[in-house]
Amino acid sequence: MAGEKWVRMVTAQTPTNIAVIKYWGKRDENLILPVNDSISVTLDPAHLCTTTTVAVSPSFDQDRMWLNGKEVSLAGARYQNCLREIRARACDVEDEEKGVKIAKKDWENLHVHIASYNNFPTAAGLASSAAGFACLVFSLAKLMNAKEDNSDLSAIARQGSGSACRSLFGGFVKWIMGEAKDGRDSRAVQLVDEKHWDELVIIIAVVSSRQKETSSTSGMQDSVNTSLLLEHRAKEIVPKRIVRMEEALKTKDFGSFTELTCADSNQFHATCLDTSPPIFYMNDTSHRLISCVEKWNRSEATPQVAYTFDAGPNAVLIARNRKAAAQLMQKLLFYFPPNSDADLDNYVIGDKSILKDAGIEGIKDIEALSPPQENKDALRHKDGVSYFICTRPGRGPVLLSDTTQALLNPQTGLPK
């Protein structure tokens with residue numbers, strides 16, 4: 001194979017996910033084995049996703065990776081674990097179009113180039129590492145013709161980033177913590193697909209897209225070592241919530257879904273505060289967003305919106321249907337209006353039809369909004385929110401056949 005000049009490439013797109021029953025704390029740092037089960041919702045990749053192109057060529061002299069256009073080191077254990085596990089499962093590949101044959105044994109001596117791009121902020125509490133490692137593992141598996149199904153692949157993606165295992169499926173997904181010491185039974189399974197509860201609408205308030213001060217990895221470690229609440233939560237609270245959440249999803253019981261989602265988010269952040277030294281992921285704007293939702297839900301006969309916050313200040317707000325989402329959008333734009341010279345197109349992104357449902361066509365419509373009925377003395381907070389993303393539950397990873405979407409040059413295997 002030496003001296004040959006071909007480049008074989010695969011491009012995939014993988015969604016991110018947001019946990020509604022949280023994963024916080026590992027019982028094994030190296031294998032990334034959690035102290036409890038967790039459940040997440042996969043977000044529509046049209047609005048939040050990672051695109052990854054992987055390439056192989058006999059002309060490559062080392063494994064290389066570019067993230068959002070910048071070259072990054074692959075020396076870290078998490079990258080190496082994923083590469084090693086997929087290489088071990090590589091099979092024969094025959095690419096008739098390029099006239100290329102790669103035998104299973106050849107993969108040990110071939111190097112790969114990886115280019116990855118997130119269409120949302122990295123390391124700001126929007127689960128960029130989940131989408132990133134899921135996409136890395138999925139695309140490498142396709143490149144190397146690995147035969148494992150997505151649940152098997154999830155156990156590999158988990159070794160890159162715990163939450164990544166849940167991005168191998170669409171809809172609502174459960175990460176089973178497992179019991180085996182080697183982690184073979186710690187993997188993701190789909191509970192319901194994205195069409196099961198397609199009335200749901202998700203609005204994300206991006207409070208800050210800056211990188212967080214305390215990474216999830218170090219924060220979890222500190223919580224496991226110092227928080228008594230974490231131990232109680234993992235053993236006593238979460239197992240019961242998982243059972244109730246699975247039932248709520250199956251029956252589409254939004255009241256129970258909201259109660260469980262909000263309570264679990266609040267307890268996760270209470271665990272962060274119970275850690276020594278305490279971890280502060282939320283800020284004043286996060287707290288105002290919670291207050292906005294709580295006041296509205298309590299003023300209605302049934303809850304309209306669930307909220308959840310991952311390890312960051314950004315709010316993920318899940319509305320029961322489009323009508324509730326339109327009302328929520330009005331309330332959010334009243335409380336957190338853009339500056340008068342702002343571009344509304346950049347302030348509300350994703351599924352802009354929610355704006356239309358809310359009767360908002362321009363900045364003047366936002367300025368004319370009245371205070372919500374349940375909070376008539378409410379103040380407005382400009383600069384509290386950077387922007388909003390309107391989305392919905394979405395599908396799992398897919399291969400992209402359109403070669404124009406590849407991030408690497410098909411001749412050189414280097415970034416375009």
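**Reading the model**

Modeller: G76 has its place in the loop between β8 (70–72) and α1 (77–88); helices (H or I, at least four residues) and strands (E, at least two) are DSSP runs, numbered from the N terminus. This is a predicted model, in which local features need pLDDT of at least 70 and side-chain atom pairs count only at pLDDT 80 or more, while totals for chains, interfaces and linings use all residues. Residues are numbered from 1 along each chain as its sequence is written, and side-chain values use heavy atoms, with hydrogens and water left out.

Biologist: How does G76 count in terms of accessibility?

Modeller: Buried means under 20% relative accessible area, exposed over 50%, and partly exposed in between (1.4 Å probe, protein chains only). At 33% relative accessibility, G76 counts as partly exposed. D28, found in strand β3, also has a value for this scale: 22% relative accessibility, so D28 counts as partly exposed.

Biologist: What separates G76 from G160, along the chain and between C-alpha atoms?

Modeller: G76 and G160 are 84 residues apart along the chain, and their C-alpha atoms are separated by 9.7 Å. For D28 and N68, the separation is 40 residues in sequence and 30 Å in space, C-alpha to C-alpha.

Biologist: At what angle do α1 and helix α2 pack?

Modeller: Axes are lines fitted to C-alpha atoms, for helices over the stretch in contact, and angles run from 0 to 180 degrees between N-to-C directions. α1 and helix α2 (residues 128–143) pack at about 25 degrees, with their axes 10 Å apart. Angles under 35 degrees count as roughly parallel, over 145 as roughly antiparallel, 65 to 115 as roughly perpendicular and the rest as oblique. α1 and α2 are therefore roughly parallel to each other.

Biologist: Which residues make that contact?

Modeller: Contact means heavy atoms within 4.5 Å. From α1 come R78, Y79, C82, L83 and I86, and from α2 come F133, L136, V137, L140 and A141. By class, the contact of α1 with α2 has 9 nonpolar, no polar and 1 charged residues. Here Ala, Val, Leu, Ile, Met, Phe, Trp, Tyr, Cys and Pro count as nonpolar, Asp, Glu, Lys and Arg as charged, and the others, Gly among them, as polar.

Biologist: How do helix α7 and helix α8 pack?

Modeller: Helix α7 (residues 284–299) and helix α8 (residues 322–335) pack at an angle of about 135 degrees, and their axes are 11 Å apart. That makes α7 oblique to α8. The contact of α7 with α8 divides into 7 nonpolar, 1 polar and 1 charged residues.

Biologist: How is a pair of aromatic rings described?

Modeller: The description uses the distance of the centres and the angle of the planes. Rings of Phe, Tyr and Trp (its six-membered ring) pair if their centres lie within 6.5 Å; planes under 30 degrees apart count as stacked, over 60 as edge-to-face and the rest as tilted. By this rule the count comes to 13 aromatic pairs. The rings of Y23 and W175 have centres 4.6 Å apart and planes at 65 degrees, so the pair is edge-to-face. Y23 lies in the loop between β2 (17–21) and β3 (26–28) and W175 in strand β12 (residues 172–176), so the pair ties together parts that are 152 residues apart in sequence.

Biologist: Are Y23 and W175 buried or exposed?

Modeller: Y23 counts as buried at 9% relative accessibility, and W175 counts as buried at 0%.
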